Amino acid sequence: MSKDATIGFIGLGVMGGPMCRNMARKHPGRVIAFDLSSEALAALRDTKAETAASIEALAAEADLVFLSLPGGPQVEMVCGLILTNARPGTAVVDLSTMPVAVARKMAGILAQKDIGFADAPVARTREAAQSGELAIMVGAPDALYARIRPMLDYIATDITHGGEVGAGQVLKLVNNMLVFANTVALAEMMVLGEKAGVAPETLLEAVSKGSGDSFVLRNHGRKAMLPRNFPEKAFSPEYVLKDIGYVFELAGEAGIPLPAAETARRYYSAAVEHGLGGRYFPGVIKLVEDGVMGQGGGAETS
């Protein structure tokens, strides 16, 4: 992709806004942004990013269109508009998390007009999005991967080409499920340690130096679960359940039972049912503190 290529960016949410900002800061060519929220667009006014009047207008001008959307239905809708408005030779890079089957379906549909498609879901935190230090897992043909790789470097420090379209989503769903399950396990162990008389700060410090260390402990554990800080407008249990749903779709297609993942799903369902909806998902630790979860892994019913 040449340095004067025009980048379009659709979806300026918690992760998309910082990613678009980094592209506008680092890309020498034009960057055009679109979001339904005027507030999200206004947040980019101090950058060179231009505002598109519509998705259709953005698609007609961009050489490369990045998507950062809530899930599969939104990606399908936007790709339909891109199909009818983009020029042949345009490429779409979806940074969202969605079902593997939808990624492959979109690639097939867009290919009818010679529009490339890569699934490139992102991992890590909002802070990583702001600093341009995300991890990205990519599913794309080799030629398309080589074309989009320089732009991915604007927003990430670790990029994995997993294979053909769909591979990025497989990698991301596996990553997310491990994070969700690890968070539940950490919540149980933190509360157990605290109830057994060990200061929570000491517990996390000691475990971080042993084989129980993890990204979840160092980030979600220290920054959210230890201070019990679970803000709104962050990655919530509802988003967790969406991603877990995609995991189980994939597991059904592969014929693989996932009992540990099912236990994690019960936790996040209970979080929504017990007032933690809309707040940062490590808040599941409160379910353990409050004795909400029964011995079978589900919420207490008696």
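Lysine 209 is exposed, with a relative accessible area of 67%. In this predicted model, its side chain forms a salt bridge with glutamate 205, and the closest N and O atoms are 3.2 Å apart. Glutamate 205 has a relative accessibility of 34%, so this residue counts as partly exposed.

Aspartate 243 has a relative accessible area of 1% and is buried, because the limit for buried is under 20%. The partner of aspartate 243 is lysine 242, and the N to O distance in this salt bridge is 2.7 Å. Lysine 242, at 22%, is partly exposed.

The next pair joins residues from separate parts of the chain. Arginine 21 and aspartate 46 form a salt bridge in which the closest N and O atoms are 2.9 Å apart. How accessible is arginine 21? Arginine 21 has a relative accessibility of 30%, which makes it partly exposed. Aspartate 46 reaches 60% and counts as exposed, because exposed means over 50%.

Salt bridges can also be joined to one another. Arg30, Glu50 and Glu61 are linked in a network of salt bridges. In total, the model has 14 salt bridges.

Now turn to helix H12. This helix covers residues 259-273, which is 15 residues.

Which residues of H12 are buried? They are Ala261, Ala264, Tyr267, Tyr268, Ala270 and Ala271. What do the buried residues of H12 pack against? Their neighbours are helix H8 (167-195), helix H11 (237-254) and helix H13 (285-289). Just after H12 comes glycine 275, which has a positive phi of about 85°.

Terms used
Residues are numbered from 1 along each chain as its sequence is written. This is a predicted model: local features need pLDDT of at least 70, side-chain atom pairs count only at pLDDT 80 or more; totals for chains, interfaces and linings use all residues. Side-chain values use heavy atoms; hydrogens and water are left out. A salt bridge is a side-chain nitrogen of Lys or Arg within 4 Å of a carboxyl oxygen of Asp or Glu. Buried means under 20% relative accessible area, exposed over 50%, partly exposed in between (1.4 Å probe, protein chains only). Helices (H or I, at least four residues) and strands (E, at least two) are DSSP runs, numbered from the N terminus. The expected span of a helix is 1.5 Å times one less than its number of residues. Contact means heavy atoms within 4.5 Å.
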